[in-house]
Amino acid sequence: MMRGIGRRAERGRRFLPPLFLLLGVAMLTATGGKAMAASWPDTPLSRMRMMAEIEALQIALLTRPSATVTLEEWCATHAMASPAHVLARQSPGADAQAPAQVRADLGVGPSVAIRHRRVALTCGTHVLSLADNWYVPSRLTDAMNDRLDHTDVPFGHVVASLRFTRRTLESTLLWSPLPAGWEHQPVDAASSGGIQVPDEILRNRAVLSRQDGQPFSEVIETYTGAVLDFAPPDDSHR
């Protein structure tokens, strides 16, 4: 499954707005979005464990409606913050026009208002995800729209009462700790230092719909290397 997903990487990159890429780089530089490389020793076992963690996160994101809830559980399970609450740090002036593809995915014409919310989803000091969210305010309640405009509550929590569903349009693995064809190659000896994790490791694009089937939001979520900001199992006592 991962290889098929990886082949769609270029299409996923093209869809992402350039301004969002610039924002992501700025946020990651300011907040330390990379995983703590020194905490993951560069050994074959550690790389396989890291790959298993990335795949576990991707599966959880693909099979559950709320990315926010998934990230909170991820943060709690890996003891990355206490309490493990996710906040949506908004980017001021996020007013990008909705791409034509977004309008088509949401089933709305050019006369229907679509709002844009750009956020960094954080848990404690970790920037776990950078997200662009286009949503149709007329398909939400007034109270929901007010919270989205004036609070840092994540979108998934704001619209939770809709009991929404999630349809993934693209899921792109941007990086793997295992080189291509690793299973057919000799196992390398451990190297000094830790695994160098890039700023971006996974990207999803999805549409959220109400229980009546009407779509109300499209999201592009880029998950950062900071999702691996936890210590791997200690094998020194085995």
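From the N terminus on, the elements run α-α-α-α-α-β-α-β-β-α-α-β-β-β. That makes eight helices and six strands in the chain; helices (H or I, at least four residues) and strands (E, at least two) are DSSP runs, numbered from the N terminus. This is a predicted model, where local features need pLDDT of at least 70, side-chain atom pairs count only at pLDDT 80 or more, and totals for chains, interfaces and linings use all residues. Residues are numbered from 1 along each chain as its sequence is written, and side-chain values use heavy atoms, with hydrogens and water left out.

Of the 238 residues in the chain, 50% are buried. Buried means under 20% relative accessible area, exposed means over 50%, and partly exposed is in between, with a 1.4 Å probe and protein chains only.

Take helix α4, residues 44-63. Its 20 residues, at 1.5 Å each, should span 28 Å, and its end C-alpha atoms are 29 Å apart, which agrees. The expected span is 1.5 Å times one less than the number of residues. Which residues of α4 are buried? They are Ser46, Met50, Met51, Ile54, Leu57, Gln58 and Leu61. These cover an arc of only 140 degrees around the axis, so they sit on the same side of α4. The arc is taken from the directions from the helix axis to the C-beta atoms. In general, an α-helix has 3.6 residues a turn, so residues three or four places apart point the same way.

Next, the strands. Strand β2, residues 115-123, has eight of its nine residues buried, so the rest of the structure largely encloses it. Five bridges pair β2 with strand β1 (residues 86-90) in the antiparallel sense; two strands pair if DSSP finds at least two bridges between them. On the β3 side (residues 126-135), nine bridges join the two strands, again antiparallel. β2 and β3 form a hairpin with two residues between them, and Gly124 in that turn has a positive phi of about 65 degrees.

Last, salt bridges: a side-chain nitrogen of Lys or Arg within 4 Å of a carboxyl oxygen of Asp or Glu. The structure holds eleven. Asp132 and Arg118 form one of them, at 3.0 Å, N to O. Asp132 is in strand β3 and Arg118 in strand β2, 14 residues apart. Both are buried.

Glu218 pairs with Arg205, with the closest N and O atoms 2.9 Å apart. Glu218 lies in β6 and Arg205 in β5, so the pair ties together parts 13 residues apart in sequence. Salt bridges that share partners join Asp105, Glu170, Arg205 and Glu218 into one network.
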